[in-house]
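Trainee: I would like to go through this model term by term, setting each value against its definition. Where do we start?

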Amino acid sequence: MDRALRRRLDGRFSDVLTGPIRQRHDETEIRIGPADVAQVMRALHDEPEFRFKFLADLCGVDTGRVMQVVYHVGSDTSPDWIRVIADGLPRDDPRVPSVTFLWKGAEWQEREAYDMFGIIFEGNRDLRRIYMPPDYTSFPLRKDFFLADDASRSPAMGVRHLEQVHAPRNAAPDDVVRQATSS
Amino acid sequence: MTTAQHPGSHASADDPRVTLDEQIGVFEPIPPYPPRTEREAEFYTLGDGEMFINIGPQHPSTHGVLRVVLKIRGEQVVDLDPVLGYLHRGVEKLCENADYHQAICYTDPLEYVSSLFMEWAPVIAFEKLLDVQVPRRAEYIRVLTGELNRVMSHIMFVGWMALDLGGLTPILWGFIERDEIVEMLAGVTGQRMLFNYYRIGGVNGDLNHDFMSRLGRWMSHATSQLEAELALLNENEIFVRRMRGLGVVDSETALRMCLSGPNLRATGVPFDVRRPDPYSVYPELDFDVVTRAEGDCLARYLLRMDEIRQSIRIIDQCLHEMPDGPVIAKLPRLLRPRPGRAYAAVEGPRGQYATYAISDGTDQPFRMRIHDPSFVNLQTVGLVMPGNLVADTMAVMASLDPIMGGVDK
């Protein structure tokens, strides 16, 4: 645990944090709203007191109530990993700014998060499905997507395998992408 | 006589109405649906004198099942679009529906060349969730077997890379070394490739006589054998001139592309997870983080060769400092960690293997993210290839050393 890092984060980002800073083992966790992602990641990447140049991981999480995008960044200035959780994305239309302007290598990871969760990364030039076929319509890692042999867990609906249940109303997923990328 | 087509009948190859093109399935590069993104529209629009060629998904140099659509002008690559997903098995979803012990088994086949690293990351993440203290002997055994696996993986890298460039000898020589290590690890883990050896809180079984005697025999000639094998390529003028200055990535670009592992260190960035964020007993061991400044294919090759030498150093220290004691912590059979989140990264032969696990208090992970370095590293091909020759695509792709099992998850 890096106490100094905690103080620095608290001082720099006190106005955008939506929860307390948590530290456990070698991880420091901050929570922000989706609107502040670009600003916070740019500060962590560029400012000399942080210099978190290494994007270790980017993934989506479906908590069942809201969606999250979780970034792990590393640096040579601190032994800790910083976990930035962009929290509170609405499940019917999750949107978050892309970080490809800092890390071009995040492009495929964002495509993966879009493919698995349907999270729209605004500013990603190539947001299309990466693993699933192009005509696939659902998002497999969402919590309301049940495996065929896992029907006992579903809420009295039986198997809903490969069924489209989560796209925003009146919009095919492809339309959503085109709106996101054209604006 | 009219030939009324029966609605259920399929056109056969003998049918004269079926053209030869339909029989062999001609490659249609442009997808049969409207472009989904700006980038896709731009890529699938041909400029003056440009054409598409297709590599894969079944091609020996794609190291698995990868399809790459190349846009070329003459012999030069203008742009390329890798198409993934042919091996996608949805492992993250499967892990959410398995308990903590079962989830580790799913991660093995993702990385079928260095599977110990792929299981190491989730094991550490689960141990963080459970606050388990791993016995020191188990940690040493993990480092010892892990470094053996790294040597094995880098030896295979040399073989594959030479094979992609047209040299058959190194892979045959490499298999001699690899087989000794594989047999050695099979002696202690019971498996030849998908070891499934690390457990939450330790390892499955102590080192045995079979393993130790094989290891001793291998260590006695490992260095000299390796140097002889590397001399095949290091002093081969055709190989060196082909690789030097090809696929250059500078350090800024490498960080921007999220490269990790040998591919990152070959550009001069001394980032090795074992140093800034040490796990296991690496802080107690003496080894160098090797870097090279050039960032080309030759640097990526030579850096991996240096890493083999460092790994042999670490194995030697492990054997001398291995303590006695238990090899696994006492844990209940059914694990229910308290709700929380844990992230663990390990430095593997291809880069940073990582797992982000979320526990909700039940016996199954609520979310288990598996980060594979091959997936991230493979993007760099699209960045460095434009302007190079078509034949160099294989060399650049081989030097990045992707494993498609991990890329497609």
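Mentor: With a sheet in chain B: three strands in the order S6-S7-S8, open, with antiparallel pairing. Strands here are DSSP runs of E of at least two residues, and helices are runs of H or I of at least four, both numbered from the N terminus. This is a predicted model, in which local features need pLDDT of at least 70 and side-chain atom pairs count only at pLDDT 80 or more, while totals for chains, interfaces and linings use all residues. Residues are numbered from 1 along each chain as its sequence is written, with chains lettered from A and ligands numbered from 1 in the order in which they are written.

Trainee: What makes S6 and S8 of chain B stand at the edges?

Mentor: Strand S6 (340-348) and strand S8 (367-371) of chain B each have a single partner strand, so one side of each is left without a neighbour in the sheet. Direction ignored, neighbouring strands of this sheet are turned by 10° against each other on average.

Trainee: How do you know that S7(B) and S8(B) pair?

Mentor: Pairing requires that DSSP finds at least two bridges between two strands. Strand S7 (residues 351-359) of chain B and S8(B) have five, in the antiparallel sense, so they pair. Within S8(B), B:Arg367 is the bridge partner of B:Ile358.

Trainee: Which helix packs on the sheet?

Mentor: Helix H5 (residues 115-130) of chain B, which touches S6, S7 and S8 of chain B. The direction of H5 makes about 150° with that of S6(B); axes are lines fitted to C-alpha atoms, for helices over the stretch in contact, and angles run from 0 to 180 degrees between N-to-C directions.

Trainee: What does B:Val346 touch?

Mentor: Contact means C-beta atoms, placed from the backbone, within 7 Å. Leaving out residues up to four places away in sequence, the partners of B:Val346 include B:Phe117, B:Trp120, B:Ala121 and B:Ile124.

Trainee: How many residues are in contact between chains A and B?

Mentor: 34 residues of chain B are in contact with 38 residues of chain A. S7(B) gives the largest share of the side of chain B that touches chain A, four residues.

Methods. Contact = placed C-beta atoms within 7 Å.
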